[in-house]
Amino acid sequence: MATQESNDDRIALLQGTLDLLILKTLLIGPCHGQGVARIIQRQSEEVFLVDHGSLYVALQRLEDKNWIRAKWGVSDNNRKARFYSLTPKGRDRLIEKTGEWRRLTRAMELILDSGGGLKGEEA
Amino acid sequence: MFRRKRSAEDFRAEIEAHLELEADDLKSEGWNEDEARWKARREFGNLRAAQERFFLKGRMVWLDKLLRDARFAMRSLLHSPGFAIAAILTLALGIGANTAVFSVMNAVLLKSLPVSDPARLVYLRTSNPPRGTGTIDTTQTFSYPVYDALRHQNTGLSPVMAYVPLSASKVAVRYGAEPEEAEGDMVSGTFFSGLGVNLPLGRGFSEVDETNHAPIAVISYNYWTRRFARNPNVLGKTLYVNAVPMTIVGIAAAGFEGVEPGGSTDFWTPLQIRRELNAWGSPPQDGKLYNSNSTWWCLRLVGRLAAGVNRAQALAQLQPVFQTAAYVGLGGAPMQGEKTPVLSLADAKNFPGYDQQYGNPLHMLMAMVGLVLLIALANVVMLLLARNAARQREFSVRQALGAGRGELFRQLLTESLILVSAGGALAWCFAEMATRLLGQWAQIESSLAPDRTVLLFTLGVLALAGLLFGLAPLRVALAGRAELALKTSAATSHTDAGKSRMGRTIVALQMTLCVVLLVGAGLLIRTLRNLENTPLGMRVDGLVVFGLKPNIPSIPGGRTFYRNLLDKLRPLPGVESVTIVEERPGSWWSDNSDMMVDGRLPDQANGASRTVRSNVVGPDFFTTLGVPILAGRDFTDSDTAASPHVGIVNEEFARRFLPNRNPLGHTTGPDNGQYTMTIVGVAKNHKYRSIDEEPIPMAWYMYAQIPMVGPMHMEMRVHGDPLAILPAVRKAVQQLDPDLPLIRPITQRAQFATTIAHQILFARLAAFFGFLAVVLVGTGLYGTLAYRVNMRTAEIGVRMAVGARRGQVVWMILKDSLALTVAGVVIGVPLAMLVGRALASSLYGVQPLDAVTYLLAVAAVAVVALVASAIPASRAASIDPMRALRVE
């Protein structure tokens with residue numbers, strides 16, 4: 001559960017989307033958990049709120065599925081950290097999931113943008 | 001499988017690292033040290049929750065629950081160790097006994113021969129041998145011409161293989177210096193390839209080896225292990241068989257011990273043609289060996305069905321070939337009115353010969369241990385029922401506190417499973433030991449070690465037990481209601497369980513089974529006592545017997561050998577007298593034939609059998625054995641080849657063939673009329689082949705006078721321990737021939753005991769299982785009654801408070817178990833009568849409806865019931881009414 005203040009503009013992530021975001025983040029290169037959280041937050045322009053607890057559980061889940069692998073290493077600022085990287089299997093899943101997501105969002109847009117509907121919250 | 005890939009420790013370290021990295025970032029964004037730390041931790045959310053989620057995800061929750069249940073069950077079993085020990089031991093005994101008997105049965109009756117495709121192997125059998133032939137076994141042995149004819153056809157059976165032992169028991173072999181004995185067979189060249197036996201080392205035989213009678217041998221894996229410690233260098237070494245050198249060329253596959261009925265063969269050689277190596281170790285008859293003596297049916301045959309041919313087709317093709325070959329050397333055709341022998345094929349899939357030897361007793365034993373198992377299972381069920389009923393309040397309280405019914409059931413089931421697994425593990429150890437002992441007692445030479453079939457059997461029984469014990473807690477789980485126990489008192493809440501009809505039925509059933517088992521055991525024990533007390537008609541104490549297979553070059557040479565031997569053995573210190581005998585008394589062997597009396601076959605009313613069991617013996621035979629001579633004299637040293645031929649007969653011979661006449665001076669001899677001897681003595685009837693035989697006409701030839709000399713057995717009457725003479729004997733024999741081992745040296749008493757070994761074993765086991773049943777029934781009854789008295793403490797207290805006397809209370813308890821005993825006996829006796837009838841063929845000197853046995857069995861059950869009830873009853877009677885009532 002996020003305990004962030006309610007005036008925060010950030011949105012809690014949908015179930016399942018976190019996996020996709022983690023895989024996408026790791027496509028750039030190996031990264032530790034804290035880095036993944038930072039990158040997701042930054043790249044979503046601080047819209048996404050990544051619950052750190054959930055992040056680690058998700059990382060563990062992906063590791064168990066053998067989509068990512070992990071090993072202990074040293075960070076840029078010389079701290080010990082567990083670095084995650086994408087496996088070939090994870091790469092395939094990323095492509096697959098991205099496709100799925102694209103289809104989903106397109107379908108959502110088609111419905112939401114169809115005429116006669118509300119246009120945004122401000123209406 | 002249950003190990004997590006990653007430790008919780010590692011996960012914690014990662015989170016630590018995360019917090020530090022986050023704090024570093026925050027500091028670089030302008031936060032100070034403390035604020036950064038605090039904010040990092042806050043951003044992370046609930047740290048413990050994350051760790052918990054990691055923990056739950058990584059671990060198999062059901063395993064956790066199972067472990068918890070198991071721990072709980074162990075604790076609760078440890079609370080009542082008496083119950084746990086009783087239940088586990090009962091199970092171990094019941095299941096262990098079943099596993100042991102089953103594994104013997106499996107090895108002896110069910111297991112297939114270790115050959116390829118055993119289902120297509122067949123033994124050849126004949127309905128009868130042609131008239132004028134000598135046989136080893138009237139239906140199982142064939143002449144060499146029959147073998148030769150059958151193997152040259154190959155459309156029905158391909159190949160037909162012959163095998164024949166080199167000796168009726170063991171043959172003298174030597175490897176290195178010491179002479180010893182082993183079981184050896186001469187076999188066809190196709191023996192190993194035809195049976196499909198692998199040779200992990202070396203090679204088997206070929207047809208060329210058979211044609212050349214190659215001096216080579218294959219030894220069994222067992223013999224290789226036992227004698228040669230699996231030394232691969234024995235290949236190429238020489239094994240002297242009856243002093244004939246044979247080169248060891250191969251080792252047969254593990255588990256293959258030949259196809260001799262009930263025996264295990266140590267080595268095989270191709271069929272040999274030498275007088276030292278005649279079939280069955282017999283001396284040549286009229287100078288002819290087994291292969292040229294067409295009237296001696298001495299070879300066993302086994303064949304493999306040719307490809308694409310079924311049994312009926314094979315038989316149709318073989319029958320005419322067989323019926324022609326059967327009369328080679330007999331004039332080519334059956335005599336007038338003679339029944340033509342008919343060939344048949346029998347299954348060769350299983351180990352040969354065991355079925356007739358052990359089949360019946362083993363099935364009976366299996367039935368007995370099955371009953372013991374039933375009693376044992378019933379006992380444990382009863383214990384469980386009693387225990388769970390006594391815990392009714394505990395269950396109700398736990399349910400009231402929120403335990404689910406399923407939870408409760410699962411816990412009880414876990415308890416049962418722990419009992420079953422512990423009992424099963426113990427049973428397996430117990431069975432391993434018992435099987436080994438059984439094999440030793442029964443003198444079964446093939447391996448009895450429990451295999452996968454046995455394991456499956458045991459697991460099956462365990463599953464059955466587990467299921468049965470699962471049903472007991474189910475009852476509780478269904479019956480228990482939370483409110484009930486909390487608002488009622490012990491006195492009322494337990495009455496239901498106390499009067500349980502199920503418990504009473506089980507006890508009555510156990511009594512029934514117990515009566516059946518005791519009657520069976522009783523009949524067998526009486527049989528054994530009858531056998532053991534049967535007079536043998538001779539003084540067996542102080543007698544020792546052993547065999548010798550000297551190399552006999554000629555008949556006079558053989559006679560000289562034995563005369564020299566007697567001269568060497570007689571002066572040994574402690575020796576009273578020595579004699580020799582062809583067929584060892586008490587070994588099941590005898591020569592059987594019709595005999596002429598005064599030049600013709602004696603008339604017998606109604607075609608009664610004229611069979612005489614004869615034997616060839618040396619001087620002082622009857623004196624040495626301690627058989628009284630009723631008229632005339634014993635054989636002496638002065639009966640020689642040069643003196644008139646003399647013979648001795650027994651009372652039965654005289655009574656049947658020379659009734660109301662003085663037998664001395666009459667003549668007798670074999671039915672071919674080629675040898676005649678004058679009767680010079682009549683011996684008292686005594687046992688020849690076995691303990692349980694009936695008197696039969698017997699006659700004895702003097703070895704020094706007949707035209708045949710072969711291997712013999714020595715009988716020595718000595719002072720003191722008969723076996724102590726053996727080292728001196730061995731030395732004396734080796735002075736005559738260094739290659740000669742003493743074959744199966746044993747006291748004559750022990751030799752006769754071997755003829756009832758199976759009955760002894762069977763009776764002992766039956767007695768043991770009967771005793772086990774009594775103990776189980778006794779403890780079961782005691783447990784049930786003790787528990788019931790416990791439950792009724794309050795009621796008894798009330799009864800005594802209102803004036804019941806002690807005697808009345810005791811009677812109240814005893815009445816109960818007496819009723820159960822009566823019920824058990826009433827059902828048990830007729831069942832036992834059925835069992836008695838089934839046992840009839842195994843009984844000796846006792847009727848299947850032997851009244852004494854039945855009375856004793858019933859009395860034993862009654863006594864056990866009374867004793868088991870007396871303790872709880874007296875405890876009930878000594879209840880202090882005030883105390884009993886105050887408990888509530």
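Author: Residues are numbered from 1 along each chain as its sequence is written, and chains are lettered from A in the order in which they are written. Because the model is predicted, local features need pLDDT of at least 70 and side-chain atom pairs count only at pLDDT 80 or more, while totals for chains, interfaces and linings use all residues; side-chain values use heavy atoms, without hydrogens and water.

Reader: Good to know! What makes a residue part of the contact of chain A and chain B?

Author: Contact means heavy atoms within 4.5 Å. By that rule, 26 residues from chain A and 22 residues from chain B take part.

Reader: How much area do chain A and chain B bury between them?

Author: About 2300 Å², with 46% of it on carbon and sulfur atoms. Buried area is the accessible area (1.4 Å probe) that two parts lose on being put together, summed over both. On the chain A side, Arg38(A), His52(A) and Tyr56(A) lose the most area to chain B, together 26% of what that side buries.

Reader: Why is the pair Arg79(A) and Glu20(B) called a salt bridge?

Author: The term asks for a side-chain nitrogen of Lys or Arg within 4 Å of a carboxyl oxygen of Asp or Glu. In this pair the closest N and O atoms are 3.3 Å apart, so it qualifies. Across the interface of chain A and chain B, the rule finds seven salt bridges.

Reader: Which elements of chain A supply at least two residues each to the side that touches chain B?

Author: Helix H2 (33-43), helix H3 (52-64) and strand S5 (80-86) do. Helices (H or I, at least four residues) and strands (E, at least two) are DSSP runs, numbered from the N terminus. The largest share, nine residues, comes from H3(A).

Reader: Where is Asp266(B), and which residues does it touch?

Author: Asp266(B) lies in the loop between strand S11 (244-251) and strand S12 (267-270) of chain B. Not counting residues up to four places away in sequence, Asp266(B) touches several residues, among them Ala182(B), Tyr223(B) and Arg226(B).

Reader: How many disulfides does a search of the whole structure find?

Author: Zero, over all chains; the search looks for a pair of cysteine sulfur atoms within 2.5 Å.
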